[in-house]
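The sequence and the structure are shown first.

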Amino acid sequence: MEKIEMDIEGMHCGACATGIQMLVSQMDGVKLAFVDLNTKKGTFEFDPAKVTKDQIIKEIEGLGYKAK
Ligand SMILES: [Cu+2]
């Protein structure tokens, strides 16, 4: 398992954070997703054999937010 933290731009309310959290946690290989609106950071724990950091970023960007 790999654990990463990234900055997420474009969130403006709790629903944004929850939406990202739900979407990423449903991805295959993702074990844990936590998005904090106040710090604008997302913490993700995933199996690198099943999913990559780039795929997670793409998924978040698909919702209209910026992640890095
Ligand atoms: Cu929002």
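Strands β1 and β4 pair in the antiparallel sense over 2 bridges, where two strands count as paired if DSSP finds at least two bridges between them. Strands (E, at least two residues) and helices (H or I, at least four residues) are DSSP runs, numbered from the N terminus. Within this pairing, Ile 8 has Ala 67 in β4 as its bridge partner.

The model is predicted: local features require pLDDT of at least 70 and side-chain atom pairs count only at pLDDT 80 or more, whereas totals for chains, interfaces and linings use all residues. Residue numbers start from 1 along each chain as its sequence is written.

**The sheet**

The strands form an open sheet of 4 strands in the order β2-β3-β1-β4, with antiparallel pairing. Its edge strands are β2 (30-36) and β4 (66-67), each of which pairs on one side only. The pairings, with one bridge partner from each, are listed below.

| Strand pair | Sense | Bridges | Bridge partners |
|---|---|---|---|
| β1 and β3 | antiparallel | 6 bridges | Lys 3 and Glu 45 |
| β1 and β4 | antiparallel | 2 bridges | Ile 8 and Ala 67 |

Axes here are lines fitted to C-alpha atoms, for helices over the stretch in contact, and angles run from 0 to 180 degrees between N-to-C directions.

Helix α1 (residues 14-25) also packs against helix α2 (residues 53-62), at an angle of about 135° and with the axes 10 Å apart. This angle makes α1 oblique to α2; angles under 35 degrees count as roughly parallel, over 145 as roughly antiparallel, 65 to 115 as roughly perpendicular and the rest as oblique. On the helix side of the contact, Ile 20, Leu 23 and Val 24 in α1 meet Ile 56, Glu 59 and Ile 60 in α2, a contact being a pair of residues whose C-beta atoms, placed from the backbone, lie within 7 Å. The residues of this contact divide into 5 nonpolar, no polar and 1 charged. In that division Ala, Val, Leu, Ile, Met, Phe, Trp, Tyr, Cys and Pro count as nonpolar, Asp, Glu, Lys and Arg as charged, and the others, Gly among them, as polar.

**Two residues**

Glu 2 lies in strand β1. Leaving aside neighbours within four places in sequence, Glu 2 is in contact with Phe 46 and Pro 48. The C-alpha atoms of Glu 2 and Pro 48 are separated by 6.5 Å, although the two are 46 residues apart along the chain. Glu 2 is partly exposed, because 13 other C-beta atoms lie within 10 Å; a residue is buried with 20 or more such atoms within 10 Å of its own C-beta, exposed with 12 or fewer, and partly exposed in between, the C-beta atoms being placed from the backbone.

Lys 40 belongs to the loop between β2 and β3. In this hairpin, which has 4 residues between the strands, Lys 40 takes a positive phi near 60°. Lys 40 has 15 other C-beta atoms within 10 Å and is therefore partly exposed.

Methods
Contact = placed C-beta atoms within 7 Å.
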